[in-house]
Each structure stands twice: as structure tokens, then as C-alpha cells.
Amino acid sequence: MVPFTYYGDLVGVTSLYSVDPKLGYEALDGFYNTVFNSLSSYMDEHQDVKVCMFSDSMVMYGDDASSALKELQLVYLKLIHTKKLLLRGAMVSGKIDFDPRFTIETFQKHLPKGTELVRAVALESKHKGSRLLVENELAGNLLNEVKSWRTVSGYVDNILGQPVIGIDDIRRRIIQAPEGFAYEYLYFWQTDRIVDRNVHDERFVKERLVEIGKYPRKDVALHYSETISLHNRSRDREKYTKKELGVSE
């Protein structure tokens, strides 16, 4: 297992509060409820996993990055499909730990010992769009059995993998980010764990992102265009991989 720390925050909540505080509150309420409902069963089965939420941000850490990526995929998809919310985050290697401090009931201290949270926040902040970035070191650990997959050309040249890795393995969804200094998780690559297939209507999602992205100011619109690009990368790699492996759509 590979220990991890994930940090993420919602895109555009500040703008919602500036328009109408009630809209901002409703967005955060949907964010909190979706994350809790999506992760609670998983956390019951994985006592090592902890989640902290504050304002429009969340921190998740534990001992198994592979299983956490699967769960975060569902969080991202449910947020974007059912709540129309864009989550942007990054996962790094290493499990955050806190320095024990003297506290009282009304004054809690959570001082991180290592650099995990700082690295996750820094990586997340460098990118636009609803993305799930994966730190280079963590990607290397996860792709250890198929080192060639750390490059796009290596994946194409050795698509079966050695050993052969199944179509639903999360490692097939890890790819070099276009920016070049990190990896990303292609969470739009479909999963059978989405219970309501009507919720996972890719055409609806893409069309909606395109339409909404026409109207905000440029820095906000960029989040939508980058999310659309991620959607395209996810679907292109999924279709190519299934074709090469002889798996029907």
C-alpha cells in the first residue's frame, strides 16, 4: 500500500458568495453532504483514512492511495453530475501527521509535521479546472509494476502492461498532465460503480460545461475549458485502451 495525502477545494465558491450568500451556502452544503455520503462507508471499512473539511476545502489522508483514488473519482463525478460543482485537488505521497500540542476544548491545534499538505496545496494551486493531480513521486510508486506507463508513449507502446493489468485498474487512469510537471487522474473514464447511469451522461456534462464556460470572466471560464479538456483526454484514452484490448464499449 502507498500512503497519501489529498487536498482539494471547490472552484468558484467565493464568486457565489459575492452574488448571494445563500447560493454560496447551498454550494458548500451540497459539497459537504456529497463528500460525507460518498466516503462514509469507505471510511468505515478503512479505519486508516481521515477526512477534514473546512469552508470550501477538504483534506483526506490514509495508507492506500489506490483505493482512495477510486473513492475520490466517485466524489468528483457525483459533485459535477448531481451538484454541478467543480472540485480541484491534488494527491501527494506520504500520510500527513500532526505535532502533538497542548489543547483545550475551545482551542484545538493541528500543526502538520511534514510537507505533505504544503506540497498538495502547491500542486493543486498550479492548475485550472476540476482536476485530480497526482504528484510525480506518488505516480511513480503506483506505476512501479509498469514503469513504461509513466510516459504517454510508453503506455501506447506497452498497453497490455507487464504483468497484464485489467481494464478497470486505476493505474490505467493515471497519465502525465499536459503541463508536464505532474500526473493527473482521468476520473471521467467511466466506472461501473456509478449507480445511476443517467447521472453519468457524458454528452450532458460536456455540453453543460461548454455552455456555462461562455459567460464567466476569463479566469473562471478557464476552469471550465480545462475541465472539458480533461473530459476529452479521459474519453480518448478510455476508447483507445478498450479498442487495443478488445473490450467493447
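Two residues are in contact when heavy atoms of each lie within 4.5 Å. The model is a predicted one, with a mean pLDDT of 89 for the protein and 91% of its residues at 70 or more.

Helix α4 covers residues 116–125, and among its residues Glu116, Ala120, Leu123 and Glu124 are buried. These four cover an arc of only 100° around the axis, which means that they sit on the same side of α4. An α-helix has 3.6 residues a turn, so residues three or four places apart point the same way. The cover over the buried residues of α4 includes the strands β1 (4–10), β4 (87–93) and β7 (132–134).

Helix α2 runs over residues 21–45. Even so, α2 has a kink of about 40°, centred on Leu39. Leu39 is also one of the buried residues of α2, which include Gly24, Ala27, Leu28, Gly30, Phe31, Thr34, Val35, Ser38 and Tyr42 as well. Among the elements covering them are β1, α1 (13–19), β2 (50–54), β3 (57–62), α3 and β4.

In soluble globular proteins, nonpolar side chains tend to be buried together. Here the largest nonpolar core has 55 residues, and those with the most contacts inside it are Tyr6, Phe31, Met58, Met60, Leu87, Met91 and Ile174. Helix α3, residues 65–82, gives the most to this core, with 9 residues. Another core, of 6 residues, lies apart from it and includes Tyr7, Tyr61, Val92 and Ile96.

Met58 shows how parts of the chain come together. Beyond its neighbours within four places in sequence, Met58 is in contact with Tyr6, Tyr7 and Gly8, with Phe31, Val35 and Leu39, with Val51, Cys52 and Met53, and with Leu72 and Leu87.

Pro100 lies in the loop between β5 (98–99) and β6 (111–112). Its relative accessibility is 66%, and exposed means over 50%, so Pro100 counts as exposed. Pro100 and Lys113 are 13 residues apart along the chain, and their C-alpha atoms are separated by 9.3 Å.

One stretch calls for caution. Over residues 194–199 pLDDT stays under 50, and the model has 8 contacts beyond four places in sequence for these residues. Where pLDDT is low, the predicted coordinates should not be read in detail.

Definitions and conventions. Residues numbered from 1 in each chain as written. Predicted model: local features only at pLDDT ≥ 70, side-chain atom pairs only at ≥ 80, totals over all residues. Heavy atoms only, no water. Buried < 20%, exposed > 50% of the residue type's maximum accessible area, 1.4 Å probe, protein only. Helix = DSSP H or I, 4+ residues; strand = E, 2+ residues; numbered from the N terminus. Arc of directions from axis to C-beta. pLDDT = per-residue confidence, 0-100. Core = buried A, V, L, I, M, F, W, Y, C linked by side-chain atoms within 4.5 Å. Expected span 1.5 Å × (residues − 1). Bend = angle between axes of the 7 residues up to and from the residue.
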